[in-house]
Amino acid sequence: MGIMQGKNGIIFGVSNKFGIANAIAEQIYNEGGNIAFTYANEAMEKRVKPIAESMNSKMCLECDVTKEEDVKRAFEEYKKHYGTLDFVVHAVAFANKDDLMGDFYTTSKEGWDLAMHVSAYSLLTISKYAKEQMENNNGGSIIALTYLGATKYVANYNIMGVAKAALESSARYIAMDLGKYNIRVNCLSAGPMKTLAAKGISGFDSMLKANALKAPLKRTPTLEDVGKAGLYLVSDLSSGVTGQVQFVDCGASSVFASREEMSELSK
């Protein structure tokens, strides 16, 4: 019997079978969990529905997280199919491609508002409706996906780094608000990986090399690494963990400069 046997939850943001959200979903499903899925728009439906079907999902619903009525409807539909809510995964982020290059200070107000709303404010909306169901189920776990660019400058991450910083801070405040209901809220910060989403970041291959040079494990994380960490955070194994950012980057974020990096720079 898996550690998620009898547990039910919803994942916002699976977009393809090669991403972090799908890796987490696979680990949850393999451990016996039941998962509902949402997708951002009609164009994403053909990618997400086969994933949902492969995991015997009872719900795969379109949901624009910038529209509160969509989020509310998603949780209402979820309750009809699953009854209880044990976990939620927030894997939603978006920024205009033009805002992920050049100088950050030139970010447009429209670009700022869009990235912040989709990538950060949506966690508040999702948590609001998750709380209504989790508090009647002796609590639960909410996790959100973030990245090192939230705390350190990362070239070409720009507005997304600031949005992730807002996401991480929001998670801490929500964790404090919902702790009394035994609802835990954490962030999962994965190192750079070759996902479809990462292709939108200029110079991403250099980021992969830099992580491997710096990391104590001398590699970049795999989707399986991150999926298992996500499983830990949504499961009862992390019952005493909330308001935290869990790094899964092979240790790169803990190192200022490795010997290998110093050797490269001295050439």
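## Cysteines

C60 is buried, at 19% relative accessible area (buried is under 20%, exposed over 50%, partly exposed in between, with a 1.4 Å probe and protein chains only). The model is predicted: local features need pLDDT of at least 70, side-chain atom pairs count only at pLDDT 80 or more, and totals for chains, interfaces and linings use all residues. Residues are numbered from 1 along each chain as its sequence is written, and side-chain values use heavy atoms, without hydrogens and water.

The whole structure holds zero disulfides (a disulfide is a pair of cysteine sulfur atoms within 2.5 Å). For C60, the closest cysteine sulfur is in C63, 11 Å away, too far for a bond. C250 is buried too, at 10% relative accessibility. Its closest cysteine sulfur belongs to C187, 19 Å away, again too far.

## Helix pair α4 and α5

Helix α4 spans residues 109-134 and helix α5 residues 158-178 (helices are DSSP runs of H or I, at least four residues, numbered from the N terminus). Their axes come within 9 Å and cross at roughly 20 degrees. Axes are lines fitted to C-alpha atoms over the stretch in contact, with angles from 0 to 180 degrees between N-to-C directions. So α4 is roughly parallel to α5 (under 35 degrees).

## Contact residues

On the α4 side, the contact includes W112, M116, L123 and K131. Facing residues in α5 include I159, M160, L167 and I174. Contact means heavy atoms within 4.5 Å. The contact residues divide into 15 nonpolar, four polar and one charged (Ala, Val, Leu, Ile, Met, Phe, Trp, Tyr, Cys and Pro are nonpolar; Asp, Glu, Lys and Arg charged; the others, Gly among them, polar).

Conventions: Helices (H or I, at least four residues) and strands (E, at least two) are DSSP runs, numbered from the N terminus. Angles under 35 degrees count as roughly parallel, over 145 as roughly antiparallel, 65 to 115 as roughly perpendicular and the rest as oblique.
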